[in-house]
Amino acid sequence: MFGSCVLPVSARIHAFLWALIFLTTFGLCSELKVRVRLADGQITEEVLEADSEKDSITLEFKQGDGTLITFVADFKQDVKIFRALILGELERGQSQYQALCFISRLNHNEFIPSESMARLRQKNPHAIRMAEERRGLDQLTMNVALNLSRAWQLSSHIYNMCSEAREAIYTRERDVQHWLERGVEGSVFEILPQSVDVVPVLLSCRSTRDVWQPCSCSFSLRLEWYPCLLKYCRNRDTTGKGSPYKCGIKSCSKGYHFTYYVPHKQLCLWDEET
């Protein structure tokens with residue numbers, strides 16, 4: 001009544017060859033879920049995705065206050081993208097959520113390669129992971145805005161990641177200079193009005209009382225757990241000589257503190273004195 005589920009040998013070989021062609025052509029793509037403890041003690045789940053064809057890594061998790069953080073490392077273009085979807089305060093006139101995007105250069109050896117990430121497997125999915133190395137806090141002054149419609153020149157990931165942020169996509173002048181030297185058009189960038197001539201006294205939003213005044217906003221986040229380095233071990237043959245081989249990963253945690261201009265404090269209500 002039911003047909004056999006066992007494929008003939010020729011069909012199995014054919015299927016294997018197609019699978020091999022698919023992996024060779026389209027690369028590896030995988031997902032890893034890791035439970036981590038946030039700074040406030042709450043447990044959250046990080047979802048890490050690696051795409052070896054696009055040569056990128058995505059990390060996503062929800063903070064204790066409900067903010068959704070998404071991070072992309074684009075190895076092809078050496079670009080990092082941070083996106084935050086922050087729940088709005090409806091009773092104070094904000095929309096349901098507010099989107100922010102921060103773009104910066106990706107340095108070598110910050111993360112393991114996407115191909116290595118794609119091969120990682122979770123041995124104990126219920127364990128709460130703690131990073132082996134807690135790296136220092138990066139203080140980033142994001143004084144340049146990005147034109148979303150032209151940001152593809154930096155990375156093809158920016159448009160999909162930051163389309164909801166649109167008017168709140170930031171980078172820093174130091175990185176802009178690097179990209180201009182590489183041939184990126186100047187129309188991608190817009191210097192924000194932080195000079196004394198434009199804004200005589202630009203206070204921090206934390207110190208500003210009037211919600212319709214421009215101010216300097218701050219936003220912080222931390223990637224609590226991510227693979228930052230490959231570990232190598234050595235095999236020794238009968239002559240005593242050793243040959244290195246990959247035998248694991250080192251995990252890191254890193255924080256980022258972004259400071260940027262907003263035209264009014266209403267866009268930065270989380271940055272208040274308590």
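Me: What should I know about the model before we start?
Reply: This is a predicted model, in which local features need pLDDT of at least 70, side-chain atom pairs count only at pLDDT 80 or more, and totals for chains, interfaces and linings use all residues. Residues are numbered from 1 along each chain as its sequence is written, and side-chain values use heavy atoms, with hydrogens and water left out.

Me: Where is K76?
Reply: K76 sits in the loop between β4 (68-74) and β5 (79-87). Strands (E, at least two residues) and helices (H or I, at least four) are DSSP runs, numbered from the N terminus.

Me: Is K76 buried or exposed?
Reply: K76 counts as exposed because its relative accessibility is 53%. Exposed means over 50% relative accessible area, buried under 20%, and partly exposed in between (1.4 Å probe, protein chains only).

Me: Which residues is K76 in contact with?
Reply: Leaving aside neighbours within four places in sequence, K76 is in contact with E53, K54 and D55. Contact means heavy atoms within 4.5 Å.

Me: What lies 2.7 Å from a polar atom of the K254 side chain?
Reply: That is the backbone oxygen of G136. Not counting residues up to four places away in sequence, K254 also touches others, including R135, D138 and Y226.

Me: New topic: how many disulfides does the structure hold?
Reply: The structure holds four disulfides. A disulfide is a pair of cysteine sulfur atoms within 2.5 Å.

Me: Which cysteine is joined to C101?
Reply: C101 is joined to C162, with an S to S distance of 2.2 Å. C101 lies in strand β6 (residues 97-105) and C162 in helix α3 (residues 157-162), so the pair ties together parts that are 61 residues apart in sequence.

Me: Is the link of C101 and C162 left-handed or right-handed?
Reply: The link is left-handed, with -95° about the S-S bond.

Me: What about C217 and C268?
Reply: A disulfide joins C217 to C268, S to S 2.0 Å. The torsion about their S-S bond is about 85°, so this disulfide is right-handed. The pair links distant parts of the chain, 51 residues apart: C217 is in strand β13 (residues 215-236) and C268 in the segment after β14. Both cysteines, C217 and C268, are buried.

Conventions:
A polar contact is a pair of N or O atoms within 3.5 Å; within protein, one must be able to donate a hydrogen and the other to accept it, and residues adjacent in sequence count only if both atoms are side-chain atoms.
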